[in-house]
Structure formats: structure tokens, C-alpha cells
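Have the structure open while you read.

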Amino acid sequence: MRGCTAVRAGLLLLAGQLGFMPPGAAQETDVEALFQEGMQALEDERLQSAREAFQTILSIEPTLHRARLELAVAYYRMLDYQQAEELARQVLEDPATPPQVRVTITAFLAQVAADRARFNRRHTWRASLAFGAMHDSNVNVGPSSELLADNIRLLPGATERSNNALFLQPGLSHTYNPGVRLDLGEQVASLLWQSQLSLYHREYHDEDDFNLGVTTFSTGPALVVLQRWRAGLNLTLDHIRLGGDDLALFSTLQPYVTWQFDGGEFTLDAAWSHRRYEQAIDADREGDYAAFGATLARFFLNRRLSLQAGLHYLDFDADAPRWTYDGPEFMLAAAYRAWPRGRLYARAVQRNLDYDGTFPPFGEARDERERRLVLGFTHRFARGWLDDWRMTGEYNRVLNRSNVGLFEYSRSQVSLTFRRDFEL
């Protein structure tokens, strides 16, 4: 789409300089008004209205190539690449078209051909491989990730223990494009079906009871309107192993919709999950989890800097009241492209959770505040044997405050990850 923007700018400049002027002195006033209406509709991404305006102009003035080129751009944005190509070729093949305009139209046609080939590609497979090392200051807390943040397993009377670990994460993703265009009012959306499988394993040097394995499979449809909005619905299955034993299976449904605007985007999302635990000791932790909220992202400095703020409400209805909780989650994040192939990022999350039932033998319900701080950097290599690999260094700090002493803890994790994606 950015390539089309540059080509279209060239088309407009050359058309204005070489006689492809908007209708005015040589055309009726209603044609001039229609042209301005069509141009405004294109500017506002009202593609159906733009198409109708330029089609009407051509029915009145069939030789007005400036309108024909704008109609080609409208069809291009509507993902109708065949119509866009046919209209542009009509102008290209006209002997009266100046050479300079022919050059720019040829560039536009090359862009159309490239995007048409991508659109017609039905299956896209990608593989990924990530591996690295980490230091964990408090292995006894158990698993720690966005997925498992509220599913720690603390051992009564245990003390804080640190350890090092290695981890490996291969993955495979598939995108199916049925070639379907959906007219949604003024916009045209493309339909995709996206699936992903990933395997994560973390192996501690001396703490085998806390080795972690997570197998994740997700699949679902997505609708995309370029530069306007995207929406999707994912079904995700997470199978979790801890210390070599099956821990849990989470089944999650995740709808989302993101609207894009100048300088940012706004997302509404939700999650409904059933959490089933495998071992008898965790039986009363089974239940249904729900979360919903919004995230606002703003971009600055030509997208070199991005800022995010999010608010979500969490609710977990467990079989036992002592594991049932609800409360808000606040998030602030920033990312900065500090050098050509690298960026710095930071994220802060706070959860305030109130539990329903008392936790024996303490005789009171838990009231907790978890704070999580993530600081990191990424760098993509562009030469040598690490070409196209990305290196990520990250510091993750968790501080949990609770009125029940067993669940009050702190934890720091430092990791270095290397990752590469492969198109199959």
C-alpha cells in the first residue's frame, strides 16, 4: 500500500503538469463537482463512493484519463486488482499519453501485479525457532508468564531459590487466504484463516521440579481492511507441564477488533477460558476465566516511538472460593527504534485481585497487588552467519504483595533469546 501511495503521487503530479487536469474550464460544473467529491471520498477511504463518482464522470467524459487513473486507484484499494490493471492499461496504451506518465503508470501496474500475486496466494507457511538462556531468582514461585501469571504453585515453608535455565521454542504458522472480498459499507475486507502451533520448553540446571513445558495451538478467522481496521476470533489450546508432569489444559476463545487512525490504533478484546487441572492437588482450582478491556496505542516520530495504555477487568470463577478472584489490570508500555535494526521497550503491569474465600490455615481471604516490570531490547542482524536472526535481551521483575504471607514474593528473570522466522 505504501508503494501505491508513492506511485499515485507521481501519477497526480505528472497528470497535472502534462494536461491531465481536473475538469474545470473544459467540463461542465457538475463533472468538476463529481471529481472533487470522488477525490474527497478517496481521501476519507470511502471507496464505494469514490468508485461511483469516477464511474459517473467517465460515463459523461469517457476520454478523461485523470478520472480513469483515480478509478484504478479506488479499485486497487478495494482489492479488485483486475479492474485496477485494466483501467491503468487503457491509459498506458493511449498513444496520446505522454512518456513521463507512461513511466509512472508502469510502476503502478508493477505494484498491482505484486499485490495481486500475494492476494492470490492461498497458503502461506512460516516456521520459527527461538532459543536462549535465563537466570531466575526465585524458581520456587513456579511458572511465570503472561499465560501463567496467576497460576503459581508455592510450596509451604519453601525458601527463595535461584537457578539458571535453557529454553527452546520452535513454531509453525499457516495463513489460508480464500481470496474472498467482503463489501462492508464503504470498505472492502479480505478474509483470512490463521493457525499457529508452538512448543516451549524450559530446563533448569538443578531444579527439575520446575521445568516448564507449554504446547500452544491457536486457530481462527480474521477480517482485514487495509489501514482501517482488523478483527478476529481465535480458539487457543494451551497444554502445560510442570516438572515433567501434566499440570493443566486451558481452552480459550479470544475475540478482538482494532481500529486504525492517523497516528495510532485502538483495540477492544476479550477472553473466555476454561481451565482444567490434571492433578488431584489442583482439582479445586479448576474454573472459568474471563477478561475484557481496551488498549490505546499512539505512534510518534514517524513511528519510531510507540506508547500504549491498557485497562482490563479479570474474573476467575474457580470450583473453590479461595481460588476465585476478580479485579482490574492496568498496563503502560513504550517502544523506541533506537537504531536502524533495533529497538528498546518497556512494559509495566499492575493487577489488583480480590479473592472470595479464606485460605486455610490463615483464616482470611487473599487481597493481592501484583506489579510486573519488563525492560528489554531487540536487534535484527543483517549480515554474517546471524543474518535475519533477532536477538532479544529482557529483564522481568515481579513483585507480589499479599495479606496472606504465603503468597507474598518477588522474582527477577534475565534472559537472552535468539529467534528467526523462515518462510516455507
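## Starting with a charged pair

Arg390 has a relative accessibility of 31%, so it counts as partly exposed. Keep in mind that we're looking at a predicted model here. Who does Arg390 team up with in a salt bridge? Its partner is Asp421, and the N to O distance between the two side chains is 3.5 Å.

Asp421 is partly exposed too, at 33% relative accessibility.

## A longer reach along the chain

Now find Arg121 and Glu423, whose side chains form a salt bridge at 2.6 Å, N to O.

Next up are Arg276 and Glu278, which form a salt bridge with their closest N and O atoms 3.3 Å apart. Arg276 is partly exposed, with a relative accessible area of 34%. Glu278 is partly exposed as well, at 34% relative accessibility.

How many salt bridges does the model have? The count comes to 22. Some of them share partners: Glu85, Arg89 and Arg116 are linked into one network that way.

## Two helices side by side

Finally, look at helix 4 (residues 65-77) and helix 5 (residues 81-92), whose axes come within 8 Å and cross at roughly 160°. Angles over 145 degrees count as roughly antiparallel, and therefore helix 4 and helix 5 are roughly antiparallel to each other. The crossing of helix 4 past helix 5 is left-handed.

Which residues make the contact? On the helix 4 side you'll find His65, Arg68, Leu69, Leu71, Ala72, Tyr75 and Tyr76. They meet Tyr81, Gln83, Ala84, Leu87, Ala88, Gln90 and Val91 in helix 5. Sorted by class, the contact between helix 4 and helix 5 has ten nonpolar, three polar and one charged residues.

Terms used
Residues numbered from 1 in each chain as written. Predicted model: local features only at pLDDT ≥ 70, side-chain atom pairs only at ≥ 80, totals over all residues. Heavy atoms only, no water. Axes fitted to C-alpha atoms, helices over the stretch in contact; angles between N-to-C directions. Helix = DSSP H or I, 4+ residues; strand = E, 2+ residues; numbered from the N terminus. Parallel < 35°, antiparallel > 145°, perpendicular 65-115°, else oblique. Left-handed = near helix turned anticlockwise from the far one by under 90°. Contact = heavy atoms within 4.5 Å. Nonpolar A, V, L, I, M, F, W, Y, C, P; charged D, E, K, R; others polar. Salt bridge = Lys/Arg side-chain N within 4 Å of Asp/Glu carboxyl O. Buried < 20%, exposed > 50% of the residue type's maximum accessible area, 1.4 Å probe, protein only.
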